[in-house]
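Dear colleague,

I am passing on the structure below, together with some notes on what was found in it. Please read the notes with the structure open beside them.

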Amino acid sequence: MDDSVRRHKYMLTEDEMPTTWYNVIPDLPSPPPPPLHPGRMDPVGPDDLTPLFPMDLILQEVSGERYIDIPGGVLDVYRQWRPSPLFRAHRLEKALGTPARIYYKYEGVSPAGSHKTNTSVPQAYYNKKEGTTRLTTETGAGQWGTALSFACALYGIDCEVWQVGASYDSKPYRRLMIEAFGGRVHRSPSDVTDVGRGFAADPKNWPGSLGIAISEAVEVAAKDPNTRYALGSVLNHVLLHQTIIGQEALLQMQMAGDTPTLIVGCTGGGSNFAGLSFPFLREKLAGRMDPRILAVEPASCPSLTRGVYAYDFGDTAGMTPLLKMHTLGHDFIPDPIHAGGLRYHGMAPLISHVYELGLMDAIAVPQTECFAAAVQFARTEGIVPAPEPTHALAAAIREALKAKETGEETVILTALCGHGHFDLAAYDAYLNGSMVDEEVSDARFAEALETLPQVVG
Ligand SMILES: *Cc1c(COP(=O)(O)O)cnc(C)c1O
């Protein structure tokens, strides 16, 4: 790479935007284990899922096709903010004094300020096509709720959101953004669902969790034939929609004349990480490049590094199919850290499977290190990151500093999956010194695993 050029931004034209999503499953050495029906304990079929999802999304969930066409109507909406920019972090590199080259794909340019619109738009589109009049969902930090509320506004669908209590209390501006787009927000656990009333009875559940909020949204969708449920991460079809990120990034890295040696992303449920890394995993499996693929999770909710690989419920009340995934147990209530989008007890079955196959690595990082990285990033690159991708930035900085020691050629690619404009309270906590790193005891992890469902085989 000729550094005298010092190009900062790599942009694709609208015509260069990929028109298919990439499904990694046919390229893997083995397929991931199927979801199981919680009562029958056999693989779920499409009929089991129709109360919750439209058929187009169910078919994508189980698809064996390598490429799936993005509908024209969805491409039209994507073009409002896609293709998204790829930046070379020259000023951060200089501040670190590293020979490593650092690139970041920025998804904060979307109307919701994160990557979540890449899937909320197609999910609302397919639901509209099938006559859905209302969508229910959970939201943690509020990014997914914002993205779905925006997409529902485009297609004239009512949107009802259960927001995790801790985030509802600490992030009023995300709630207001959801409401500005027309969505209705409940603090979870709420008193408008049976499961919510049950959980609210125990003060331990008062901060809420993504697992509880999912149970509430699923209950409402299951009871009404015109209402369906939308999930913002974890499931195959969600990861699929996010692959537009990595496919664009592949083209942009070509423009930069560079090949990543490390792809690093934050993982809550795994969707932005999969979206960036799966197209590169395709290239790795085909022997065309060999990047290390690294997931970064919060130390207080480390499903890959400290969870078990087992069948578990996707929600806390045990209403969803059983998913084979890395899990901390569906009863695990993570500490209310600032990266609300990473407070999920499980990891996407597809990411968990790729991890089990040994095709990627994972580490956990405490939040104060993440915010130190975020502040350094903001002061050099000029973007205030969402609390979630600060985990990836902290790991990227660790690796860039390592490259300084070893002199090994290091080309880092990361997803800056959202901006932090509504998360400034978290920056306040960091800057005024009140942010702490809570150690989670082995006993607490062990306790939550006691209630894993028993699955034979
Ligand atoms: C939702 C969210 C996450 C966590 O979800 P993934 O599915 O793991 O991507 C991370 N970052 C941002 C900005 C989010 O909105």
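Helices α15 and α17 are roughly perpendicular to each other (a term for angles of 65 to 115 degrees), since the axes of α15 (residues 367-381) and α17 (residues 424-431) cross at roughly 105 degrees and come within 10 Å. Axes here are lines fitted to C-alpha atoms, for helices over the stretch in contact, with angles from 0 to 180 degrees between N-to-C directions; helices (H or I, at least four residues) and strands (E, at least two) are DSSP runs numbered from the N terminus. In contact (heavy atoms within 4.5 Å) are Thr-368, Phe-371, Ala-372, Ala-374, Val-375 and Arg-379 of α15 with Ala-426, Tyr-427, Tyr-430 and Leu-431 of α17. Of these residues, eight are nonpolar, one is polar and one is charged, where Ala, Val, Leu, Ile, Met, Phe, Trp, Tyr, Cys and Pro count as nonpolar, Asp, Glu, Lys and Arg as charged, and the others, Gly among them, as polar.

Please note that this is a predicted model, in which local features need pLDDT of at least 70 and side-chain atom pairs count only at pLDDT 80 or more, while totals for chains, interfaces and linings use all residues. Residues are numbered from 1 along each chain as its sequence is written, and side-chain values use heavy atoms, with hydrogens and water left out.

**The sheets**

Seven strands, in the order β1-β4-β5-β15-β10-β11-β14, make up an open sheet with mixed pairing (two strands pair if DSSP finds at least two bridges between them). Because β1 (9-10) and β14 (361-365) are at the edges with a single partner strand each, one side of each has no neighbour in the sheet. Helix α11 (residues 236-256) packs on this sheet, touching β1, β4 (86-88), β5 (101-106) and β15 (411-416), and its direction makes about 140 degrees with that of β5.

A further open sheet has four strands in the order β8-β7-β6-β9, with parallel pairing, and its edge strands, β8 (184-188) and β9 (227-229), each pair on one side only. Three bridges link β6 (residues 134-139) to β9 in the parallel sense, and Arg-134 has Thr-227 of β9 as its bridge partner.

**The ligand**

The ligand is surrounded by 17 residues, the closest being Lys-116, Ser-233, Gly-268, Ser-271 and Asn-272 (a residue is near if one of its heavy atoms lies within 4 Å). Oxygen atoms of the ligand lie 3.1 Å from a polar side-chain atom of His-115, 3.0 Å from one of Gln-143 and 2.8 Å from a polar backbone atom of Gly-270.

Terms used
Angles under 35 degrees count as roughly parallel, over 145 as roughly antiparallel, 65 to 115 as roughly perpendicular and the rest as oblique. A polar contact is a pair of N or O atoms within 3.5 Å; within protein, one must be able to donate a hydrogen and the other to accept it, and residues adjacent in sequence count only if both atoms are side-chain atoms.
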